Amino acid sequence: MEGGSNNNNNSNKRKLVENQEEIVHNLIKEERDELRREREQFENEKRALEMNAKKVQTFHSSEPIELNIGGKRFNTTLDTLTKHRLSFFGALFSGYIPVKPCKDGSFFIDRDGTHFHYILNYLRTGEWIIPKNKPHLIEMLLLEAEFYQIEELVA
């Protein structure tokens, strides 16, 4: 009787091991499938970013572009706007954010353009020039610098 019992125990152990191997095999298969799906999603996102970057590269950085800031028009270059890579414009024209010009070719920013020329001049020259007879502008310009994420001005 013991011999039959040992065979039964061995058979049960083998079945248990086979079941565990099958469970592990299925878990590995599920993980592999999940990794394939994630890689495919990553590749799709990468392709989309590369396409956007190519679209942005169609603008030559030294050619003039027109900004429409709250209805006021400003002409500058991508070189000037993207000098500060971590700024609003650095991010906007990095290629990671899909951006399209308006029908007239300008880029619209929904912001009051009254004081934008001070911001643009800072981007051009690196100097923060505020007329001495207009000290009340400082607070407004700091708000604008914060919106456009120009760290050097708001730090």
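A: Let's start with Leu 142, which sits in helix α5, residues 137–147; helices here are DSSP runs of H or I with at least four residues, and strands are runs of E with at least two, numbered from the N terminus. This is a predicted model, where local features need pLDDT of at least 70, side-chain atom pairs count only at pLDDT 80 or more, and totals for chains, interfaces and linings use all residues. Residues are numbered from 1 along each chain as its sequence is written, and side-chain values use heavy atoms, leaving out hydrogens and water.

As for confidence, the protein's mean pLDDT is 85, with 88% of residues at 70 or more (pLDDT is the predictor's confidence in each residue, from 0 to 100).

Now for the helix itself. Leu 137, Leu 141, Glu 144 and Ala 145 are buried in α5 (buried means under 20% relative accessible area, exposed over 50%, partly exposed in between, with a 1.4 Å probe and protein chains only). Looking down the axis of α5, those buried residues fall within an arc of 100°, so they line one face of the helix; the arc is that of the directions from the helix axis to the C-beta atoms. Here's a handy rule: an α-helix has 3.6 residues a turn, so residues three or four places apart point the same way.

Turned away from the buried side, the other face of α5 carries Glu 139 and Glu 146, which are exposed. And Leu 142? Its relative accessibility is 34%, so Leu 142 counts as partly exposed.
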